[in-house]
Amino acid sequence: PMTAVDRHVADPWFGDPDFELQELPDALAPSPFLERLQQAALIPLGLFLVIGIPRGLAALLRTLRILRAKRAGRLQRFLEGCERAFLRLTRWPRLPRPKRRVRIQRNIATCTRYENPYADSAEPAMSIRKQIHHAYAALCALAYDLGVPPEQSDTPLEFLAHFPESLQSIEEEARDLTQLYLIAAYTEQPLDPQPLRSRLQKFWIGYNRLRNRVLR
């Protein structure tokens with residue numbers, strides 16, 4: 001920056017003439033915007049160095065490999081390995097894709113035929129064994145509506161073994177319900193409604209929450 005003279009010391013040529021010194025403005029500091037712009041300009045250059053050069057080398061190696069395609073040997077394998085290495089270094093990471101939300105039309109959904117028997121009465125008219133059958137049928141209906149029904153040859157345990165991802169939010173409730181269903185469907189063991197009521201209600205709470213999320 002220019003040197004600023006703030007007072008007159010001596011004038012050997014003209015004695016002491018009348019004049020006024022002009023104040024010089026302070027030197028302007030570099031603009032922060034320009035500094036950021038210069039730094040931003042380094043990003044494309046860096047990308048070119050990190051990605052462009054290895055890809056260019058890979059293309060060069062590919063050309064050499066094609067030219068020497070008739071001569072298979074160590075050099076050919078070396079060129080192929082170098083090409084794969086350069087392409088692997090410049091491979092862009094894959095970002096996670098958002099999952100498409102499944103929506104089912106309410107008027108065609110089969111799961112709407114099944115409702116929580118405890119919603120209207122603390123003591124449903126159906127027996128506890130029928131309540132378990134009703135809840136398991138509702139689970140299968142929702143799986144059907146979501147396009148992941150159990151196979152006809154699947155047992156309840158086999159269905160649990162490859163439980164659908166779209167029903168993961170109620171997997172714990174479904175496992176508990178399946179255990180109850182195996183007892184209710186394949187044994188004559190007496191079932192006490194009192195301790196089972198809370199387990200069935202827990203299933204219906206999770207089931208209705210999931211069903212309301214996918215129905216429209």
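A surface patch here is built from residues with over 30% relative accessible area and no salt bridge, with like charges joined within 9 Å and nonpolar side chains within 5 Å. With that in hand, welcome to this predicted model. The chain holds six helices and zero strands, and buried residues account for 28% of its 216 residues.

**Overall fold**
- Following the sequence, the pattern reads α-α-α-α-α-α.

**Positive surface patch**
- Arg101, Arg103, Arg209, Arg213 and Arg216 come together on the surface as a patch of positive charge.
- One of them, Arg213, sits in helix H6, which covers residues 193-214.
- Arg213 counts as partly exposed because its relative accessibility is 37%.

**Nonpolar surface patch**
- A nonpolar patch on the surface is formed by Leu42, Leu45, Phe48, Leu49, Val50, Ile53, Leu57 and Leu60.
- Together these residues have about 760 Å² of accessible area.
- Leu57 lies in helix H1, residues 32-67.
- With a relative accessible area of 35%, Leu57 is partly exposed.

**Nonpolar core**
- The largest nonpolar core contains 33 residues, and those with the most contacts inside it are Ile132, Leu139, Leu142, Leu167, Leu177, Leu200 and Tyr207.
- Two or more residues of this core come from each of helix H3 (128-145), helix H4 (156-161), helix H5 (171-186) and H6.
- H3 is the biggest contributor to this core, giving nine residues.
- As general background, nonpolar side chains in soluble globular proteins tend to be buried together.

Methods. Residues are numbered from 1 along each chain as its sequence is written. This is a predicted model: local features need pLDDT of at least 70, side-chain atom pairs count only at pLDDT 80 or more; totals for chains, interfaces and linings use all residues. Side-chain values use heavy atoms; hydrogens and water are left out. Accessible areas come from the Shrake-Rupley method with a 1.4 Å probe; for residues, only the protein chains shown count as cover. A salt bridge is a side-chain nitrogen of Lys or Arg within 4 Å of a carboxyl oxygen of Asp or Glu. Lys and Arg count as positive and Asp and Glu as negative; His and the chain ends are not counted. The place of a charge is taken as NZ of Lys, CZ of Arg, CG of Asp or CD of Glu. Helices (H or I, at least four residues) and strands (E, at least two) are DSSP runs, numbered from the N terminus. Buried means under 20% relative accessible area, exposed over 50%, partly exposed in between (1.4 Å probe, protein chains only). A nonpolar core is a set of buried Ala, Val, Leu, Ile, Met, Phe, Trp, Tyr and Cys residues joined through side-chain atoms within 4.5 Å.
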